[in-house]
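Please examine the sequence and the structure below before reading on.

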Amino acid sequence: MRPSMMLVPAIGLAIGSQVACAQQKAPTRQIAEAVAALPTELRDGAQVLGYRGRSNRLVELRAGTNGMICLADDPADEEFHVACYHESLEPFMARGRALRAEGKSQSEVQQARGQEIEAGTLAMPDGPAALYSWSGGTFNPETGDVDGSRGLYVLYMPYATEKTTGIPAAPSRERPWLMFPGEPWAHVMISR
């Protein structure tokens with residue numbers, strides 16, 4: 001191979017590496033974006049999990065003190081998405097991430113987690129547990145807000161039903177509604 005032809009792949013690798021690095025956000029930016037999903041008074045004490053280097057594995061970017069865990073925007077996903085939830089949901093959330101990393105479909109993830117909860121090998125909260133999220137839109141670093149996003153307030157209430165809560169299960173953007181009634185991961189959805 002001629003030296004000039006060897007240069008083309010080398011340049012391609014260098015450019016690709018720079019593009020990959022450019023997509024990776026600084027930890028301070030990931031933290032600011034992740035905690036934007038929380039009410040202001042909970043942001044400073046939240047643990048934040050995000051991404052370092054070229055790894056697609058979540059790592060701790062900041063320790064927490066208030067029981068909330070926030071996930072940074074995944075650089076491999078084109079749509080902006082951040083979420084924060086109470087630490088009592090972490091076993092459930094971490095198991096879902098692990099199963100999806102194995103290539104499991106959403107229905108396979110639900111089935112596996114359901115079996116593990118039933119067997120007592122996967123813990124769920126004993127009572128209500130909150131989750132906050134933003135999906136879509138863009139983060140505004142000047143204001144700390146997410147512009148043009150769809151937000152949710154979610155309250156996990158294991159095994160809740162319409163009868164036990166008085167909350168309808170029909171989806172609505174105008175009022176709270178109960179998703180997955182009767183399941184261990186039943187939760188109240190509230191659009192914001």
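Over the ring of which residue does the charged end of arginine 192 sit? It sits over the ring of tryptophan 134, at 4.1 Å from the ring centre. A charge is placed over a ring when NZ of Lys or CZ of Arg is within 6 Å of the ring centre and within 35 degrees of the ring normal. Arginine 113 likewise lies over the face of phenylalanine 92, 3.7 Å from the centre of that ring.

The model is predicted, so local features require pLDDT of at least 70 and side-chain atom pairs pLDDT 80 or more, whereas totals for chains, interfaces and linings use all residues. Residues are numbered from 1 along each chain as its sequence is written, and side-chain values use heavy atoms, with hydrogens and water left out.

**Strand pairing**

Helices (H or I, at least four residues) and strands (E, at least two) are DSSP runs numbered from the N terminus. Two strands pair if DSSP finds at least two bridges between them. Strand β4 (residues 81-86) runs antiparallel to β5 and is joined to it by 5 bridges. β5 also pairs with strand β8 (residues 150-156) in the antiparallel sense, over 7 bridges. Leucine 131 in β5 is the bridge partner of tyrosine 85, and valine 154 in β8 is the bridge partner of leucine 131.

**Aromatic pairs**

Rings of Phe, Tyr and Trp (its six-membered ring) pair if their centres lie within 6.5 Å; planes under 30 degrees apart count as stacked, over 60 as edge-to-face and the rest as tilted. By this rule there are 4 aromatic pairs, including the two tabulated here.

| Pair | Centre to centre | Angle between planes | Class |
|---|---|---|---|
| Phenylalanine 92 and tyrosine 156 | 6.2 Å | 65° | edge-to-face |
| Tyrosine 132 and tyrosine 153 | 5.8 Å | 90° | edge-to-face |

Phenylalanine 92 belongs to helix α4 (residues 90-101) and tyrosine 156 to strand β8, so their pair ties together parts 64 residues apart in sequence. Phenylalanine 92 is buried at 3% relative accessibility, and tyrosine 156 is buried at 8%. Ring pairs link Phe92 and Tyr156 with Phe180 and Trp185 into a cluster.

Because tyrosine 132 lies in β5 and tyrosine 153 in β8, the second pair ties together parts 21 residues apart in sequence. Tyrosine 132 is buried, with a relative accessible area of 14%, whereas tyrosine 153 is partly exposed at 35%.

Terms used
Buried < 20%, exposed > 50% of the residue type's maximum accessible area, 1.4 Å probe, protein only.
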